[in-house]
Amino acid sequence: QVQVVESGGGLVQTGGSLRLSCAASGSIFRLYTMGWYRQAPGKQRELVADISSDGSTNYADSVKGRFTISRDNAKNTEYLQMNSLKPEDTAVYYCYANHRSSEYGPILKSWGQGTQVTVSS
């Protein structure tokens, strides 16, 4: 079993910054793509950013130039640095990790419990 735990959410003013962390632990043979989704009240969950095991990144257009995703493979941890935050960034942010628990096992996706980010105007 794999656990994924986020941290770093909170309340910040417009223009401020926050850094989210997401650590995967447990029965991990190999980690693959990790990423972040967010869900605002009344809206569908949307992809914010993801990062492959070799460091290739992908961002939603709405966060390009403001958010930076990174990972530390030695720590099975990913980060989301969020700068120039806007009220429309307010949402619950969920991290995920794609992984195998054994060499020939299936690739599974595990989710964190979510962390609230609130940007006040």
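In this predicted model, strands β7 and β8 run antiparallel and are joined by 6 bridges, and within this pairing T68 has Q81 of β8 as its bridge partner. The two strands belong to an open sheet of 4 strands, arranged in the order β1-β3-β8-β7 with antiparallel pairing. Because β1 and β7 stand at the edges and each has a single partner strand, one side of each is left without a neighbour in the sheet. Neighbouring strands of this sheet are turned against each other by 15° on average, direction ignored.

The largest nonpolar core comprises 28 residues, and those with the most contacts inside it are W36, V48, F67, L80, M82 and Y93. At least two residues of this core are supplied by each of β1 (2-7), β3 (18-26), β4 (30-39), β5 (46-51), β7 (67-72), β8 (77-82), β9 (91-100) and β11 (115-120). When neighbours within four places in sequence are left aside, the contacts of F67 include V48, L80, M82 and Y93, and F67 is also in contact with R38, Y59, Q81, N83, L85 and D89.

The count of disulfides comes to 1, and this bond joins C22 to C95 with an S to S distance of 2.0 Å. Since C22 lies in strand β3 and C95 in strand β9, the pair ties together parts that are 73 residues apart in sequence. The torsion about the S-S bond of C22 and C95 is about 65°, so the disulfide is right-handed. Both C22 and C95 are buried.

Technical notes
Residues are numbered from 1 along each chain as its sequence is written. This is a predicted model: local features need pLDDT of at least 70, side-chain atom pairs count only at pLDDT 80 or more; totals for chains, interfaces and linings use all residues. Side-chain values use heavy atoms; hydrogens and water are left out. A nonpolar core is a set of buried Ala, Val, Leu, Ile, Met, Phe, Trp, Tyr and Cys residues joined through side-chain atoms within 4.5 Å. Buried means under 20% relative accessible area, exposed over 50%, partly exposed in between (1.4 Å probe, protein chains only). Contact means heavy atoms within 4.5 Å. A disulfide is a pair of cysteine sulfur atoms within 2.5 Å. Two strands pair if DSSP finds at least two bridges between them. Axes are lines fitted to C-alpha atoms, for helices over the stretch in contact, and angles run from 0 to 180 degrees between N-to-C directions.
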